[in-house]
Each structure stands twice: as structure tokens, then as C-alpha cells.
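Here is a short briefing to read alongside the model. Take a moment with the sequence and the fold, and then we can walk through a few spots worth a look.

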Amino acid sequence: MRDPKLGPEWDPVVAKMMAYGQGDQFTVLVDPDHPQAWREEPYASQLTAWATDAAGRGGYVIVFVGDDVYKVAPTN
């Protein structure tokens, strides 16, 4: 994701994932060679925050790791 509000840790080469929005859905494509990258900090907290924000609008955050698909749970 290329957003000036995000730090350099979100550069796809560093993060080992690419993130982008599509309407109320936020999609994360994780490098299959680094399948746990999205569960590590600072990414896990940010994805949860995005999921919580999206849920308020009826949206969600979805993570693809190879053939596996995960929905990030929002906080209550």
C-alpha cells in the first residue's frame, strides 16, 4: 500500500505483504514465503484497527496467504 500516512514498514518489500482497499473491503496479500507476517507487529495491530473501523461501515479486512483466506476480527 502506498499511502503517505503509513510508515516505511508498510513497504511491500519490508512488510512481505501488499494491502489495498476496495470499497468497504480491505485486502491483504501476504507473501507465501512469509505466511505469519500479517500476525506480527506492527501489522497485526494495524489490521485489527482497520477491521474495527471497516466493521462500523459494514466492511471487513480479508487476508490471503497462498490458498488460505482469513478474516481479521474487529475489536468490540
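Predicted model: local features only at pLDDT ≥ 70, side-chain atom pairs only at ≥ 80, totals over all residues.

**The surface around M18**
- M18 belongs to strand β1.
- Together with Y20 and L29, M18 makes up a nonpolar patch on the surface.
- The accessible area of these three residues together is about 230 Å².

**The nonpolar core**
- The largest nonpolar core contains 18 residues.
- Within this core, the residues with the most contacts are W10, M17, V28, V30, W38, L47 and V61.
- At least two core residues come from each of β1 (17–22), β2 (25–30), α2 and β3 (60–65).
- Helix α2 gives the largest share, with four residues.

**Y43 in helix α2**
- Which helix holds Y43? Y43 lies in α2, which covers residues 43–55.
- Is Y43 buried or exposed? Its relative accessibility is 8%, so Y43 counts as buried, the cut-off being under 20%.
- Not counting residues up to four places away in sequence, Y43 touches E9, W10, V14, A15, M17, A37 and W38.
- Two of these contacts, W10 and M17, are also listed among the core residues with the most contacts.
- A polar atom of the Y43 side chain lies 2.6 Å from the backbone oxygen of E9.
- For a sense of distance, Y43 and G23 are 20 residues apart in sequence, and their C-alpha atoms are 21 Å apart in space.

**Backbone details to check**
- The peptide bond from E41 to P42 is cis, and its omega is near 10°.
- P42 sits in the loop between β2 and α2.
- K16 has a positive phi, near 65°, although this residue is not a glycine.
- The loop between α1 (12–15) and β1 is where K16 is found.
- With 29% relative accessibility, K16 counts as partly exposed.

Notes. Residues numbered from 1 in each chain as written. Heavy atoms only, no water. Buried < 20%, exposed > 50% of the residue type's maximum accessible area, 1.4 Å probe, protein only. Contact = heavy atoms within 4.5 Å. Polar contact = N/O pair within 3.5 Å; in protein donor to acceptor, adjacent residues only side chain to side chain. Core = buried A, V, L, I, M, F, W, Y, C linked by side-chain atoms within 4.5 Å. Patch = residues over 30% accessible without salt bridge, like charges linked within 9 Å, V, L, I, M, F, W, Y side chains within 5 Å. Areas by Shrake-Rupley, 256 points an atom, 1.4 Å probe, with all protein chains shown as cover. Salt bridge = Lys/Arg side-chain N within 4 Å of Asp/Glu carboxyl O.
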